[in-house]
Amino acid sequence: MQRRTGRGFDAFISYKRETERDIAAALSHAVRRIGVPFYRRSPLRIFRDDEILQAGTSLPRFLEEAIEASRFLIVLCSPAAATSPWVDREVRHFLAGAPDAAARILPVIAAGDWRWDAAANDFDRSGNAIPPALAGVFPEEPFVIDLRFVRQRSDASLGKPEFRIAVAALAAPIRGVTREALDGAEQRQARQLRVAMAAAVVLTIGAAVAGVQLARELERQRVSARSRQLADLSAEAMRQGAYPRAFALARRAWELERSGASGEALLAFWARSRIARLDAPGSGVGAFSHAGERVATGPSSLIWPAPGGVQVWDIRGQSVGTPLPAGYEFVAFTKDDSRLVVRWSLDSRAAETVLSAGHDRQAYRSRLELREAGGRKLADVVLRGRWPTRAAADAREYAEVPWESEAIATSRSGDTIAIVTPEGHGVVWTRDGDALVERLRRPSTVQVDVAAAGDRVLLTGTDGALVLWETAGRPARAIETPEPVLQSRFLPGERALLALSKSTARVVGLDGTIVASFPVPGQVQFVESSRDGSRLLLESADGTFALHDTATWRRLMPGSPPSSELLDAQRACRRGGGEEGRVAGRAVRTALRVTPRPALSADGSRVMRLCGGSIEAWGLHSDVPVRLGLGSAPAFAALSPDGTVLLRFEPGEVPRPELQFVQPLLPISVGHSRLVNAVVPGLPQDSFMTTSQDATARIWSTRGHLVATLPHDGAVTSATVSRDRRRVLTTSDDGKARLWSADGGLERTFELGEPLVAGLLPPDADLVVAVGRASVQGWSVGGAPRFAWREDAAINAATSNAQGEFVLASTSGEAKVRSADGALRCRLRHPASVLSSAFSPDGRRVLTIAGDNQVRVFDLCQDKPLARFEHASMVLGAAWLDDSTILTGARHGPVRLWRLGLGGPFKTLPGRRVEGEATATYASVKVAADRQAFVTATAHGLVEVWSRDGRLRYDFTVSDLDEAVPADDGRVLVRSNRHVEVFGLPSPDDVVRWFAGRMPDVPD
């Protein structure tokens, strides 16, 4: 038999008329119409006997001719079709028509069950939905369209996502296009149809009203399209490194339409942007103002003045005031940020004279100037000293410069300046005098600090003695300490001093009394305090640092490990002088360049430091830092207390030498004294909970403040937040479930008498359920008993829907569904222990996760699963994104997105793996409460935030984690051992506010 050519049928539908007539009719219509505008005729001809046959027609002959004239055969499989002689006859006749006929059979499951036997490479005969003629036809398992969810006529509509997706998959091979193209065309046509229908309705009301409404809709669509276009242009600008333009485009997109696309563009810009670029010459020095809103930059050289002068910039990268002349090698802001203290060591003409004369030593003049932040000189001080030099050939390499030991400190306004001269004299200069007033030649001074008002000066001598001198005319007095002091300074408030010896820090009153003392890690070389003085940061010479509370002097943050590069360079420096010493000296400077002093945030809650090509950031309770990559190691960095970083990259690493501002992602850290079991978002004001082995649950604000502590007598195993956010239910190993108000007030205690696994608070039911290892008990919220029973297997987890129905996942391989009164409704079975379960948003379906690496989806109380999703390793999590879309993730990737009815994943995320791994290793996969985003975290610390359609929004790296959980406000909560770090991911509005005054203005 030869297949007919010419104009025949595109497809023939074979079905059992008595049982599948309605679904066959709906399917025939949908296959013809999908993706076709309503005003056009369908290009497909589909044969269905009820539409074609006429009275008196010879049925067998007519059907045979129609089959011979059809390119595809659609077989509606069901128990009735499997026993129908007509369906069997139609399939066999189609198969006899051509050698490749099997490839053009499209099976559709309308009812019943079917299975594929991999061993036999054929349909399993135990399935009751497959016609006998299909046995042995397919060389490998075919993709079967599943329409068993169609239970009534309204389910078989292209307006239903599940039915539309299934029809697109069926019609795609017939039309010769991809499923995505067909589905997209249908959705566009549906939108156009809705717009056209809306316009038609409006026209019936009145032409004037219709015109206004249509114009508004068209304008909305135009604005939305323009917003999406600007968001795309912003992403392209970021790829090209044009960050000011990227911000301007993303901001304009957000102003036009506050949509997901424009918001994601702003967040992507925030996560990756360099805030500004400064065209500053030379290798350079830089200093932030104390408020972090300005920075001073200038060239520097140890013994040779570099070309170019000091320039002040605002945070947008725009110059402020007039540049200072060339030759400065030191610059600092006064404490009120109104003035600059700058120093130059030698002008170029004097340098040429000294070098040409060939003298070993020569007198030099070092000038210290006080200037307004805008550049105008207010006053200057001239110091005298000696400058060792060598021949011109190696003068730039010579490292021994006597004024490296000089120290300079100023009062808040800079009107009082204290200086340590190269000879070791402590010198105080005030603007009220015409000349320097030299004081305290004994002992020699190594360090100096000035009180904010300029009325007191503190000097530290080489012999470890402290001297307090008052500018009001009172005589200087010595302050006695138990051991020599290496460094000292006024503490915030200036009612006491901090005196640092080799191993101890002491707080000393102005009258010389010891107020407090505590050990410090090695010789401290750097001290910084928070803006309010409540926290003090100490850094030791070996690179470690510690953060202390100045009220109790308790250590808040453990010391950081020293840099190995710095330690190696320091050891080399101590081994000797000569050429080796000069090389070692350069190595020390290089190590210090890439590992500068740590910076303390203004509120004292975070510490950060530049290390090679990344920024290290510690939260208040962090044992290990968060590391944020910069792409390449900068040549220079300055860190401000508010988290802004000024970087300089050398030529070749960026298009030109430039200074760049970067806003890093810094965490806020909270914690417990023992292991944190879980982190639970969803409380009012975007606060969240942590549960711990220390017998407490704690409520925290996303800024790290402790709101309430909820105590138990055993480890807290779970916490559940009610849907209205007014109550919290906690369970514990002490056998008690406790109901709390959202502010931490205890309302009621429910006791089960055995360690609890979980607690349930169904939102629409007056019900509290406590779930133990093998027992379940329910009460009303008021405390009245509802039900209680014991299970025959250990319970792993429990979950509930809005109506109060709940599922118990057990080790027996069953997930038991029970109603709100505790009655058993059905059992959902797995071949292995069921680890957890989740209801779909509408509460009509349940997914289960089992130890056999499978995720199964069931209609509520249907024994047979609707779908099975399998991974090659342990499933970490599965969640509903909507009623038909599911996210699954396994330990050894990939993370997949599935839609019911497709039979396979419609998107697989590109997991990033480390060297030596075949696939990425994941630690957690979590979905946000609004189901608009989800977060994946790898075992190696990579956290990625995705939109619900599988597009990467932004990512960051942390040093250690157990899971990453999306909070309700878009932040990410990272749990690790005893701590939870809150990553301050801003809202799009936050990004606009922060960058609006800091980015250079560029045209849209």
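Q: Which residue meets the side chain of R151 in a salt bridge?
A: Heads-up: this is a predicted model, where local features need pLDDT of at least 70, side-chain atom pairs count only at pLDDT 80 or more, and totals for chains, interfaces and linings use all residues. Residues are numbered from 1 along each chain as its sequence is written, and side-chain values use heavy atoms, leaving out hydrogens and water. A salt bridge here is a side-chain nitrogen of Lys or Arg within 4 Å of a carboxyl oxygen of Asp or Glu. At 2.4 Å, N to O, the partner of R151 is D859.

Q: How many residues apart are R151 and D859?
A: R151 is in the loop between strand 7 and helix 6, while D859 is in strand 59 (residues 854-859). Helices (H or I, at least four residues) and strands (E, at least two) are DSSP runs, numbered from the N terminus. The pair links distant parts of the chain, and the separation is 708 residues.

Q: What is the strand order of the open sheet of five strands?
A: Two strands pair if DSSP finds at least two bridges between them. In this sheet the pairing is parallel, and the order is 2-1-3-4-7.

Q: Which residue of strand 7 is the bridge partner of V108?
A: Strand 4 (residues 105-109) pairs with strand 7 in the parallel sense over two bridges. The partner of V108 in strand 7 is I145.

Q: What angle does the direction of helix 6 make with that of strand 3?
A: Helix 6 (residues 161-175) packs on the sheet, touching strands 1, 3, 4 and 7; contact means heavy atoms within 4.5 Å. Axes are lines fitted to C-alpha atoms, for helices over the stretch in contact, with angles from 0 to 180 degrees between N-to-C directions. For helix 6 and strand 3, that comes to about 155°.

Q: Why is helix 9 called oblique to helix 14?
A: Under 35 degrees counts as roughly parallel, over 145 as roughly antiparallel, 65 to 115 as roughly perpendicular, and the rest as oblique. Helix 9 (residues 243-256) and helix 14 (residues 988-996) have axes 11 Å apart and pack at about 135°. That angle is why helix 9 is oblique to helix 14.
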